Structures are given as C-alpha cells and as structure tokens.
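Please look over the chain below.

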Amino acid sequence: LLGVNLVSIKASQKLSCFLREHRVTLKDVTFGVCASGRVGSTSAEEQSRGRHKCASRYPDLRLAWARFALFRDWLLECAECRGNVLVCDARDVFFQANPFARPLGA
C-alpha cells in the first residue's frame, strides 16, 4: 500500500507501470482545509510557508499525524493485507534486502 496524491502518480506513465509491476496498491491522499485547533498545529509562520497539510479525511490532524490513521484505515480495508507491516516514509528508506525474510524474533 502506498499513500500518494494519485494525480501526481498518473502523470508519470513509467512510474505507474513500475508500481503496478511490483504489486503496489495506490491509495489516494486528498488534501483539504485544516480544521482550526487541530492536533499538532503549526505556527502562523509555518502556515504561511505552506508547511502544513491536512488529509481531507482527517481535517483535525496534520498530515504528519494523520498518516498513521490513514495507514490503519487502508489496512482494515485490505482483505489480503495480513501479516507483517512496515510503515515508513519512502524518501527516508533504502532497502538492501527483504525486511520480512526472517520471522520476527529470529
């Protein structure tokens, strides 16, 4: 499962094909107006620079927090998603091996 803004992914045919080949299920993250007093609210300066976003599904949470609720929702919606789950930011991770090759505790 990969949470993305689908408009940006569909713009790249090569990337769309790559993700489908690797059985990646894309989940659309749409942005909406953040509710006032949301959890993890930012300063006026950060807001003016556009450093805050809220998912339309969770307007009371900044995206940095709402992503965990979104991950939970997507996993609950996915009948075949059972077993190990790794939650990470794609920009921060480089896989050198299958993280699920060995059972937990091994």
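Is D73 buried or exposed? D73 is buried, with a relative accessible area of 10%. Buried means under 20% relative accessible area, exposed over 50% and partly exposed in between (1.4 Å probe, protein chains only).

This is a predicted model, in which local features need pLDDT of at least 70, side-chain atom pairs count only at pLDDT 80 or more, and totals for chains, interfaces and linings use all residues. Residues are numbered from 1 along each chain as its sequence is written, and side-chain values use heavy atoms, with hydrogens and water left out.

**Confidence.** pLDDT is the predictor's confidence in each residue, from 0 to 100. The chain has a mean of 75, and 68% of its residues reach 70 or more. Among the elements, helix α4 has the highest mean pLDDT (89), and helix α3 (residues 44-48) the lowest (53). Helices (H or I, at least four residues) and strands (E, at least two) are DSSP runs, numbered from the N terminus.

**Helix α4.** The end C-alpha atoms of α4 are 20 Å apart, which agrees with the 21 Å that its 15 residues should span at 1.5 Å a residue. That expected span is 1.5 Å times one less than the number of residues. In α4, A66, A69, L70, D73 and W74 are buried.

**Rings.** Rings of Phe, Tyr and Trp (its six-membered ring) pair if their centres lie within 6.5 Å; planes under 30 degrees apart count as stacked, over 60 as edge-to-face and the rest as tilted. The count comes to two aromatic pairs. F68 and F71 form an edge-to-face pair, 6.1 Å centre to centre with 85° between the planes. F71 and W74 are also edge-to-face, at 5.8 Å and 65°. Ring pairs link F68, F71 and W74 into a cluster. F68 is partly exposed at 46% relative accessible area, whereas W74 is buried at 5%.

**Salt bridges.** A salt bridge is a side-chain nitrogen of Lys or Arg within 4 Å of a carboxyl oxygen of Asp or Glu. The whole structure holds four.

| Pair | N to O distance |
|---|---|
| E77 and K27 | 3.2 Å |
| E77 and R57 | 3.0 Å |
| R72 and D73 | 2.9 Å |

E77 lies in helix α4 and K27 in strand β2 (residues 26-28), so this pair ties together parts 50 residues apart in sequence. R57 sits in the loop between β4 (54-55) and α4, 20 residues from E77. K27, R57, R72, D73 and E77 are linked in a network of salt bridges.
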